[in-house]
Amino acid sequence: MVPVASDDAARRRRRATVEVKQGLRELGAELALLNRRVSTRLGLKDIDLDCLDLINTHGPLSPTALARRAGLHAATTTGVLDRLERAGWVTRDRDPADRRAFLVRALRDRNAELLELFAGMNSSVEQICADFDDAALERLADFLRRTADAGRNAAEGLTGN
């Protein structure tokens with residue numbers, strides 16, 4: 001017979017794992033709401049802000065690379081880039097490695113607007129992080145990286161990429 005303490009530990013672990021998954025779902029919903037409100041303030045569509053974030057993080061990117069990272073059709077990506085360029089968020093420059101191709105880069109002088117709109121969240125995260133020691137923060141960062149990788153892999157699995 002299995003000791004009761006072992007059963008209790010297993011139940012607590014399952015419960016904690018469920019709570020982590022629920023927390024991630026709630027976090028995803030709250031971040032989506034925050035991004036939607038930021039997008040509205042900036043006069044952008046949600047997908048425009050998502051693509052701008054990808055360009056800021058991974059750019060400069062070719063339109064094809066952006067479409068792949070965002071999981072968008074090429075025509076949809078063109079519309080996003082047209083809106084972002086008209087609004088002064090990105091520019092399309094010739095690719096120095098291939099003069100027939102373009103690279104999209106974010107115009108960094110607009111980043112202050114983004115930082116201001118995300119300041120409340122960034123400040124809150126700083127305060128939360130202050131409650132953890134360095135080792136715990138490293139574990140949290142690792143958890144978040146691995147969770148993001150799992151999400152990316154799951155999304156790629158759904159599209160066959």
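**Exercise 1.** With which residue does Glu113 form a salt bridge, and how far apart are the closest N and O atoms?

*Solution.* The model is predicted, with local features needing pLDDT of at least 70 and side-chain atom pairs counting only at pLDDT 80 or more, while totals for chains, interfaces and linings use all residues. Residues are numbered from 1 along each chain as its sequence is written, and side-chain values use heavy atoms, with hydrogens and water left out.

Step 1. A salt bridge is a side-chain nitrogen of Lys or Arg within 4 Å of a carboxyl oxygen of Asp or Glu.
Step 2. The partner of Glu113 is Arg110, with the closest N and O atoms 2.5 Å apart.
Step 3. Arg110 is buried at 17% relative accessibility, whereas Glu113 is partly exposed at 33%; buried means under 20% relative accessible area, exposed over 50%, and partly exposed in between (1.4 Å probe, protein chains only).

**Exercise 2.** Determine which parts of the chain the salt bridge of Arg83 and Asp48 links.

*Solution.*
Step 1. The side chains of Arg83 and Asp48 meet at 2.8 Å, N to O.
Step 2. Arg83 lies in helix 4 (residues 74-86) and Asp48 in helix 2 (residues 46-58), so that distant parts of the chain, 35 residues apart, are linked; helices (H or I, at least four residues) are DSSP runs numbered from the N terminus.
Step 3. Asp48 is buried, at 1% relative accessible area, and Arg83 is partly exposed, at 24%.

**Exercise 3.** State how many salt bridges the whole structure holds.

*Solution.*
Step 1. The search finds nine.
Step 2. One of them joins Glu85 and Arg92 at 3.2 Å, N to O.

Key: Helices (H or I, at least four residues) and strands (E, at least two) are DSSP runs, numbered from the N terminus.
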